[in-house]
Amino acid sequence: MTVTLSGFLLCRSLEEADRVAALLPEHVRLTRAEPGCVRFEVWRSHADPCRFAVSEGFRDCAAFLAHQARAATTLWGRATKGIPRDYVIREEGDQPP
């Protein structure tokens, strides 16, 4: 069963969004290298540069939770901790009828 996350990171100012953008390449690189990461994409909106679209996929719940724990301890996690997020997390895949 895969775990997916989709939604938005909603910065409160252009300065905050620029800090997020500066940290993003390393965060993406490290996340994509994690065991169980099958997809990790983040895009900054052209229409609203304070808004970042996020799409993640992990092999299973354990891989997703490991990602969350790892990310929380990084510079990315500390720098973005208070930024509002509007995410939907789903478990998808083979489920009994």
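Tutor: Take H2. Its buried residues pack against E1, H1, E2, E3, helix H3 (75-80) and strand E4 (85-92). Helices (H or I, at least four residues) and strands (E, at least two) are DSSP runs, numbered from the N terminus. Contact means heavy atoms within 4.5 Å. Buried means under 20% relative accessible area, exposed over 50%, and partly exposed in between (1.4 Å probe, protein chains only).

This is a predicted model: local features need pLDDT of at least 70, side-chain atom pairs count only at pLDDT 80 or more, and totals for chains, interfaces and linings use all residues. Residues are numbered from 1 along each chain as its sequence is written, and side-chain values use heavy atoms, with hydrogens and water left out.

Now the helix itself. H2 has 12 residues and spans 17 Å from first C-alpha to last, close to the 16 Å expected at 1.5 Å a residue. That expected span is 1.5 Å times one less than the number of residues.

Which residues of H2 are buried? They are Ala63, Phe64, His67 and Ala71. Viewed down the axis of H2, they fall within an arc of 100°, so they line one face. The arc is that of the directions from the helix axis to the C-beta atoms. An α-helix has 3.6 residues a turn, so residues three or four places apart point the same way. The face turned away from the buried side carries the exposed Ala62, Leu65 and Ala72.

Finally, look at the N-terminal end of H2. Aspartate 60 caps it: a side-chain oxygen lies 3.3 Å from the backbone nitrogen of alanine 62.

Note on methods
Polar contact = N/O pair within 3.5 Å; in protein donor to acceptor, adjacent residues only side chain to side chain.
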